[in-house]
Amino acid sequence: MALATFWFIVTAALWTGFFVLEGFDLGVGMLHTFVSREEPGRRAAINTIGPLWDGNEVWLIVAAAAMFAAFPAWYATMFSGFYPALILLLVGLIVRGVSFEFRGKSDSPRWIRTWDALLTTGSLLVPLLIGIALGDLLHGVPIDQSQEFTGGLGDLFSGYAVFAGITLVLLCLLHGATFITLKTTGEVHDRALWLARRIAPFTILAVLVFQPWTHSVAGGGVLPDVLELVTMLAALAAGWLLAERHEGWAFVATTVVIGTTILSFFADLYPRLMVSSTNPAFDLTVHNSASGAYALKVMSVVAIVFFPLVLAYQGWTYHVFRLRISAEQFDVPEAGRD
Amino acid sequence: MSQLDLARLQFAMTSIYHFLFVPVTIGLGFLTALLQTGWHRTGRPELLQLTRFFGTLLVIGIAVGVVTGLVQEFQFGMDWSAYSRTVGDVFGAPLAMEGLAAFFLESTFLGLWLFGWDRLPPRVHLATIWLVAVGGALSAAFIMAANSWMQHPVGYTVDPATGRPQLNDVWKLFTNPVFLRGYLHVILASLVTGALVMLAVSAWQLRKGSAPLAFHATARLALVVLVPVILAAMLVGSELGVTEGKYQPMKIAGAEAQWDTCQPCSFSLFQISGGKNDMTPTQIIAVPHLLSLLATNHWNGQVLGLNAVQAQYEQQYGPGNYIPNIFIQYWSMRVMAYLAVVVLLIGLWGLWLLWRKRLSGAHRFHRVAVWAVVLPFLMNTAGWLLTENGRQPWIVQGLQLTADGVSPSVSTATVATSLVVFLLLYAALAVVALVLLTRYARKELPPPPAADTPIPALTY
């Protein structure tokens with residue numbers, strides 16, 4: 001079943017793409033009130049991701065759809081088993097998604113404060129809950145012989161899974177702060193850099209613990225493999241580059257950190273999709289959960305045609321919006337708002 | 001209520017809600033693209049103002065449409081895991097394609113359109129709004145292909161080892177007769193929705209007397225689109241009825257509460273009773289031959305009665321109740337069809353005023369057109385109730401019963417909690433979206449940007 005493995009790689013790539021891109025959007029969402037006390041500065045921070053976040057979030061939608069299409073059993077067991085957590089995730093995604101659009105639609109300070117709070121909370125919930133859910137896949141939850149989840153809410157919050165959630169939140173915070181640093185000027189830029197340098201030690205510490213822990217939960221001992229080593233070194237490099245004010249390279253480093261964290265996680269998971277804590281024989285794997293060869297072949301063709309296209313036009317978007325943004329651009333309250 | 005009832009209620013509620021916004025974004029997407037094209041060709045400043053005015057309404061609609069779409073995608077796994085596990089091989093493919101081929105396009109180019117006013121060359125910027133519109137319509141195509149497969153499954157074989165359907169011909173998903181007509185019907189309904197929203201906003205503005213020239217232009221655009229499109233939607237809808245009558249006879253027999261097979265069959269404008277306990281309803285104004293014509297395209301066509309289909313299904317699938325809720329079938333069909341006639345009449349009235357050059361001052365028409373904005377939403381909802389309720393008790397016609405599709409590992413309490421959460425959240429969202437939409441729809445047109453300065457981006 002080479003095609004099933006290919007689709008495991010596609011799924012891993014989609015989740016990686018989601019966190020590399022939406023990771024900084026989530027970080028900006030969590031941090032936008034911390035980079036400035038004034039409305040123009042906060043608007044500048046939000047508008048660094050304004051044209052990008054919607055396209056970035058599609059990576060999540062496609063990742064979930066790829067799981068559905070290529071591994072229906074994985075999608076079915078995971079989504080029904082993690083039901084309560086996913087409700088909370090959806091609430092986070094919904095309030096976050098609309099707050100971008102709604103927050104600027106009135107000048108009332110209370111209105112703006114409300115949407116600021118929802119944007120921050122939503123942006124925190126999303127990486128936290130997805131991190132916990134991913135952690136659960138590897139750590140294992142009760143799954144019976146017929147691939148049904150048999151546990152309760154408590155089974156979702158193992159120490160490892162919760163730590164995975166916290167690690168992802170910290171990764172997004174560092175990635176987002178570095179992104180604002182790279183994309184703004186003036187006071188917003190300075191405060192974002194200050195924040196990034198304060199966040200970095202916590203993120204580095206989390207990564208240094210998380211990578212060996214993941215390797216050991218996966219059954220490979222605490223000694224990390226090459227990919228995990230790359231993550232840990234890139235995290236240290238990001239901290240150093242931020243201290244030295246190499247903003248561009250620091251962003252490259254945080255990109256590598258968040259990207260390889262997800263990639264190495266999926267590498268450790270393979271060939272399992274969802275570990276059963278009841279009995280290893282009940283694990284969902286690439287082999288016992290995949291769709292038929294024809295469906296996978298059709299989707300492979302679609303993916304091979306459209307993936308490069310998506311990367312091309314999303315890449316072009318980043319080129320179009322490459323300029324830095326300043327708070328002064330938003331000094332006039334009505335600037336750019338129809 | 002059981003877990004099954006609650007899961008169905010949740011799916012129905014969230015789908016109906018999602019589809020309040022989807023047709024607005026598809027319809028208004030194309031209309032906004034037309035406005036910007038007009039501006040690009042003629043350089044008339046009011047067309048630029050109108051593009052940005054309706055673009056703002058479009059974006060509010062897209063924001064809610066996108067986030068509520070996420071809930072739909074997740075629900076298949078959360079509430080309908082047995083369904084997802086069984087049919088993911090076939091049903092998952094169009095969903096994955098939707099993301100890769102359509103939704104990426106729509107979302108990415110929406111960002112480029114909003115923020116690209118001062119960054120992109122005008123021609124490229126015009127292309128971005130068209131790609132948003134095309135992306136939205138393409139997205140609907142994949143979703144409709146998936147939905148049509150539930151109405152009339154094609155292109156699969158059943159794997160003898162697992163008993164699950166497996167895709168064996170993806171082309172059949174997109175040539176499914178239910179898909180071809182259903183998709184066209186949805187796109188036409190979306191254009192009707194977009195046109196009626198644009199007409200209502202323009203009528204309100206004309207009544208207020210602000211920028212009469214500009215809003216006369218959008219009222220005209222809306223009317224010129226509306227009349228042919230509502231006619232086409234009615235024709236395609238009636239064709240869709242014939243197609244569905246062939247593959248889902250219960251759906252059509254239920255829509256007429258036709259318990260006994262008839263030939264030729266009349267269509268009742270109204271009727272009293274006719275439910276399961278009283279199969280001989282009092283028909284009020286029966287139009288002879290009309291049901292035969294609608295359901296079969298023949299003057300004397302035969303329509304199988306509910307009892308006959310029930311007997312046939314019992315033989316084919318074993319004992320059980322295969323009859324959908326007749327009350328919903330009968331009335332959703334009529335609400336949809338009757339309101340379509342009302343919309344057509346409003347459209348013709350508007351065109352007549354336009355022809356007599358009296359549209360700007362026609363206050364009575366303006367008042368009616370403003371309130372007509374609720375009609376497309378009622379029609380769209382009724383249409384979906386008709387088609388989805390008519391599929392019951394099947395989740396996939398003839399392949400899996402809805403009762404067999406729910407998640408075995410999810411408790412009733414969990415679904416009930418989630419339903420309450422979504423009810424509250426969606427109600428709050430509805431209030432906010434409605435307040436914002438009406439506030440922005442009533443705003444005066446912003447002054448045109450000075451000729452020598454770049455057009456500002458629509459920022460957050």
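Leaving aside its neighbours within four places in sequence, A:A161 is in contact with A:I132, A:G135, A:D136, A:H139 and A:L156. In this predicted model, A:A161 belongs to helix α7 of chain A, which covers residues 159–183. The residue is buried, because 23 other C-beta atoms lie within 10 Å of its own and 20 or more are enough to count as buried. The C-alpha atom of A:A161 is separated by 9.7 Å from that of A:L128, although the two residues are 33 residues apart along the chain.

## Chain A as a whole

Chain A contains 11 helices and 2 strands, and when it is read along the sequence these elements follow the pattern α-α-α-α-α-α-α-α-α-α-β-β-α. Its C-alpha atoms fill a box of roughly 60 × 40 × 40 Å, taken along the principal axes. The radius of gyration of chain A is 20 Å, which agrees with the value near 20 Å that a compact globule of 338 residues would have.

Of the 338 residues in chain A, 61% are buried. Among the contacts in chain A between residues at least 6 apart in sequence, 77% join residues that are at least 24 apart.

## Chain B as a whole

Chain B has 14 helices and 6 strands. Its radius of gyration is 23 Å, close to the 23 Å that the globule rule gives for 460 residues, so chain B is as compact as a globular protein of that length. Along the principal axes, the C-alpha atoms of chain B fill a box of roughly 75 × 50 × 40 Å.

Buried residues account for 54% of the 460 residues of chain B. When the contacts in chain B with a separation of 6 or more are considered, 76% of them come from residues 24 or more positions apart.

## Where the two chains meet

The contact between the chains takes 62 residues from chain A and 62 residues from chain B. On the side of chain A that touches chain B, the elements giving two or more residues are α2 (39–49), α3 (53–70), α4 (72–81), α5 (83–103) and α11 (293–320) of chain A. Of these, α5(A) gives the most, with 13 residues. By class, this side of chain A has 41 nonpolar, 14 polar and 7 charged residues.

Helix α5(A) packs with helix α14 (residues 412–442) of chain B at an angle of about 5°, and their axes are 11 Å apart. Angles under 35 degrees count as roughly parallel, and α5(A) and α14(B) are therefore roughly parallel to each other. From α5(A) the contact is made by A:Y83, A:P84, A:I87, A:V91, A:I94, A:V98 and A:F102, while α14(B) supplies B:T414, B:S418, B:V421, B:L425, B:L429, B:V432 and B:L436. The residues of this contact divide into 12 nonpolar, 2 polar and no charged.

## A helix pair within chain B

Within chain B, helix α6 (residues 177–208) and helix α12 (residues 363–371) pack at an angle of about 140°, with their axes 8 Å apart. The two helices are therefore oblique to each other, and α6(B) passes α12(B) in a left-handed crossing. The residues that make this contact are B:L199, B:A200, B:A203, B:W204, B:L206 and B:R207 of α6(B), together with B:H363, B:H366, B:A369 and B:V370 of α12(B). By class, the residues of the contact divide into 7 nonpolar, 2 polar and 1 charged.

## Backbone details in the loops

Most residues other than glycine have a negative phi, and most peptide bonds are trans. The peptide bond from A:Y270 to A:P271 is cis, with omega near 0°, and A:P271 is placed in the loop between α10 (247–269) and β1 (272–274) of chain A. In chain B, the peptide bond from B:Q392 to B:P393 is also cis, with omega near 10°, and B:P393 lies in the loop between α13 (374–389) and β5 (394–396).

B:K357 lies in the loop between α11 (326–355) and α12 of chain B, and with 8 C-beta neighbours inside 10 Å, B:K357 counts as exposed.

Terms used: Residues are numbered from 1 along each chain as its sequence is written. Chains are lettered from A and ligands numbered from 1 in the order in which they are written. This is a predicted model: local features need pLDDT of at least 70, side-chain atom pairs count only at pLDDT 80 or more; totals for chains, interfaces and linings use all residues. Axes are lines fitted to C-alpha atoms, for helices over the stretch in contact, and angles run from 0 to 180 degrees between N-to-C directions. Helices (H or I, at least four residues) and strands (E, at least two) are DSSP runs, numbered from the N terminus. Angles under 35 degrees count as roughly parallel, over 145 as roughly antiparallel, 65 to 115 as roughly perpendicular and the rest as oblique. A crossing is left-handed if the near helix is turned anticlockwise from the far one by less than a right angle, and right-handed if clockwise. Two residues are in contact if their C-beta atoms, placed from the backbone, lie within 7 Å. Ala, Val, Leu, Ile, Met, Phe, Trp, Tyr, Cys and Pro count as nonpolar, Asp, Glu, Lys and Arg as charged, and the others, Gly among them, as polar. The radius of gyration is taken over C-alpha atoms; the globule rule is 2.2 Å times the number of residues to the power 0.38. A residue is buried if 20 or more other C-beta atoms lie within 10 Å of its own, exposed if 12 or fewer, and partly exposed in between; C-beta atoms are placed from the backbone.
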